[in-house]
Structure formats: structure tokens, C-alpha cells
Amino acid sequence: MVIKKVENKLEKFVEGTFAKFFSSELKPVEISRKIVREIELNRSIGVHGDYLAPNDFDVVISESDHSNFIEAKEPLEQELQETIRDYCYQESYIFLGSINVSIKKEENLRTGTLRIDARLKQDENGCPPGALVLPNGNRVLIGSRVVTIGRLQDSTICIDDPSISRNQAEVLLRENGYLLSDLGSTNGTLVNGHRISQHILTDHDQIEFGSYKIRFEAS
């Protein structure tokens, strides 16, 4: 069921603006299926019992297929990254670092065939960029900046809700990960249903400010 939803999303992408680039024997949906297979084959169990999924992928295809994909290569790589993120979120898999997909060519591969090289890879600074996913699906990248949350207009995430404090909370990068801090708000900040004053965020944490809910993604 999960993989079917992922494939349907990718098919809509292919049927749109970039349809003319995918006339070869090799279709993006086939690439996504093989990526999912590699995720399942290469996942491992982390120290806390969570499943760690590969996050760094080389999609190796023939020279002829590569020439067909070349104009849509970058948007396809981005769409495959979203496919991986969606699939792993549904399966509650977490990542060690940023998701990266690179489409490469290999002279000896036949047209219509491909190879997926999948790895678990940690970012150089030891921490992926991190993002907060808003109710409308938009992603707010955190990186090394301070992300502020509240009713104030100049907040990074401005929430127009009287139950939210003007300065509700903030997220910033520490040595051991992204730290979410409640800034003395009136109604508090919850993570996974528990009220917190400070909390190191982990992949898929559900954050609540009153009725406003967002999700943390490590990559």
C-alpha cells in the first residue's frame, strides 16, 4: 500500500511537464521500485532499536537512458529524494544524514537496465540539515540558523492563533542535534504528546503548539 502511494505520486510527476523525457525503456517508477528494494535490503537497526535507512543513492543507468533523462535529471533526482523521504516516513525509518540521489551513467550497462548503489552516510558535520514540516506540507529547513516560532510577524514560522504565544519556541543546532526550546509560552509545547521545556529532536517527532502541529524530519 505504501509503495503504491509513492509510485502514484511519481507517475503524476512523469505525466506532467517532463513526460517527453521518459520515452526510453527505463521508467522512473521502475527506478523508485528498485530504490525501495535497496532500502529494505540495506536497512539496519540503530542503537535505540529504530530502523536506519540508506540515505545516499547512486542510480547507475546506461548511456542511452542517461541521454534521454539528461534534461530532467535534476528534477527527477529531487523527486526521487521526496519518494525516499515519503516511503521511509510511512515505514518509520530514520536517516543518519541528508538524502541524496545521483543519476549516473555506465558504459557497459544495456539500455533499460540499472543498478542502485545504496549507502548509510552521515553528513560531514555529523548532523543532517533538518526540517520542520508544516500542516500544509511545506518544509522549513533549519540548518545552522535559529528557527523561531510564535505569533510575532518576524518569526520564522508565524502562527496566527491566539492560543500561541508571541514567542512560543525556537529550534537551534547544538553539538548533539537540534534543540527545541519552549520560551515560557502560556499553553506550552508538546513533543509526541508530552509537554517539554527543552528537547533534542529526533526523526519524525510530532510537535504541538496548541492545535497547530508540525513534524520534524532529520533529512
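Visitor: Which element gives the largest share of the lining of the largest cavity?

Guide: Rolling a probe the size of a water molecule over the atoms shows where empty space is left. Here α2 gives the largest share, four residues. A cavity is a set of points on a 1 Å grid over the protein atoms alone where a 1.4 Å probe fits but cannot get out, and lining residues have an atom within 4 Å of a point. Helices are DSSP runs (H or I, at least four residues), numbered from the N terminus. The model is predicted: local features need pLDDT of at least 70, side-chain atom pairs count only at pLDDT 80 or more, and totals for chains, interfaces and linings use all residues. Residues are numbered from 1 along each chain as its sequence is written, and side-chain values use heavy atoms, leaving out hydrogens and water.

Visitor: Which residues line the largest cavity?

Guide: Ser32, Ile35, Val36, Ile39, Leu80, Thr83 and Ile84 do. Two or more of the lining residues come from each of α2 and α4.

Visitor: How much space lies in the largest cavity?

Guide: About 30 Å³, taken as the space filled by probe spheres set on the points, which are joined across faces, edges and corners.

Visitor: At what angle do α2 and α4 pack?

Guide: Helix α2 (residues 28-42) and helix α4 (residues 73-90) pack at about 45°, their axes 11 Å apart. Axes are lines fitted to C-alpha atoms over the stretch in contact, and angles between N-to-C directions run from 0 to 180 degrees. The contact (heavy atoms within 4.5 Å) includes Ile35 and Ile39 of α2 and Leu80 and Ile84 of α4.

Key. On a 1 Å grid over the protein atoms alone, a cavity is a set of points where a 1.4 Å probe fits but cannot get out, and a pocket is an open set with protein on both sides within 12 Å along at least five of seven lines; lining residues have an atom within 4 Å of a point.
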